Every structure is written in structure tokens, then in C-alpha cells.
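I opened this structure to look up a few local features. My notes follow, in the order I took them.

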Amino acid sequence: MTYHAKVIAGGKVVIPADIRRDLGIKDGDSLVVDRTDDGGVRLMTFEQSVRNAKARARAIFGDDYTVDTFLKERRADWGEE
């Protein structure tokens, strides 16, 4: 479904109530605004943004890559192990 939103004074955009309700967005929640390659704008909840970042990291490093793995690799690079 497509919705209409209007920009008001101060650059504020009101997100339609149906979308806020469906996504669980409440007053005071943090949202992430991202530019798309085609010149558009993508609006995500903070949680969606974190999930996307984790998915990108898993795609690069694999599912079993952890902070401990990273630190072990760095220590080996620095000659600490």
C-alpha cells in the first residue's frame, strides 16, 4: 500500500498512523534515514538497521565469526600469540 506524507515546518515528516502501528513505532523512537542509490530515501527503525548491518556482516564473515575470532586474528597479526 502507498501512503502520502507531508513535510511540515522544520523538515518534520508525519508517518501515517497505520505504518507506525504496524512497525511498532512510538513517540521518541529512533529512526534511521538512508539515501538509496537511485536518489530515494529509505526510513528504517533502529532495530531494522541493526538487523541489516548484522546480515551484511554475516554475508562477509560468515555465521560463526565472533569478536573473539576477530581478536584472536588481530593478536596473531600483532605477534601476541
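**Entry 1: model type.** I am working from a predicted model. I keep that in mind for each entry below.

**Entry 2: T45.** I looked up T45 and found it in strand β4, which spans residues 41–45. Is T45 buried or exposed? Its relative accessible area is 9%. The cut-off for buried is under 20%, so T45 counts as buried. I then listed its contacts, leaving out residues up to four places away in sequence. T45 touches I25, S30, L31 and V32.

**Entry 3: F46.** Next I went to F46, which sits in helix α2, residues 46–61. F46 has a relative accessible area of 46%, so I note it as partly exposed. With residues up to four places away in sequence left out, F46 touches S30, L31 and V32. F46 and D34 are 12 residues apart in sequence, and their C-alpha atoms are 12 Å apart in space.

**Entry 4: nonpolar patch.** Which residues form the nonpolar patch on the surface? I find L31, V33, V41 and L43. Together they have about 370 Å² of accessible area. Strands β3 (31–35) and β4 are the elements that give two or more residues to this patch. I looked at one member more closely. L43 is found in strand β4. Its relative accessibility is 45%, so L43 counts as partly exposed.

**Entry 5: aromatic pair.** How many aromatic pairs does the count come to? I get one aromatic pair. The partners are F61 and Y65, with ring centres 4.9 Å apart. Their planes are at 20°. Planes under 30 degrees apart count as stacked, so this pair is stacked. I checked the exposure of each partner. F61 is partly exposed at 47% relative accessibility. Y65 is partly exposed too, with a relative accessible area of 24%.

**Entry 6: helix α3.** I looked at both sides of helix α3, residues 67–77. What caps its N-terminal end? T66 does. A side-chain oxygen of T66 lies 3.3 Å from the backbone nitrogen of D68. Just after α3, I noted the backbone at G79. G79 takes a positive phi of about 75°.

Terms used: Residues are numbered from 1 along each chain as its sequence is written. This is a predicted model: local features need pLDDT of at least 70, side-chain atom pairs count only at pLDDT 80 or more; totals for chains, interfaces and linings use all residues. Side-chain values use heavy atoms; hydrogens and water are left out. Helices (H or I, at least four residues) and strands (E, at least two) are DSSP runs, numbered from the N terminus. Buried means under 20% relative accessible area, exposed over 50%, partly exposed in between (1.4 Å probe, protein chains only). Contact means heavy atoms within 4.5 Å. Patches are made of residues with over 30% relative accessible area and no salt bridge: like charges are joined within 9 Å, nonpolar side chains (Val, Leu, Ile, Met, Phe, Trp, Tyr) within 5 Å. Accessible areas come from the Shrake-Rupley method with a 1.4 Å probe; for residues, only the protein chains shown count as cover. A salt bridge is a side-chain nitrogen of Lys or Arg within 4 Å of a carboxyl oxygen of Asp or Glu. A polar contact is a pair of N or O atoms within 3.5 Å; within protein, one must be able to donate a hydrogen and the other to accept it, and residues adjacent in sequence count only if both atoms are side-chain atoms. Rings of Phe, Tyr and Trp (its six-membered ring) pair if their centres lie within 6.5 Å; planes under 30 degrees apart count as stacked, over 60 as edge-to-face and the rest as tilted.
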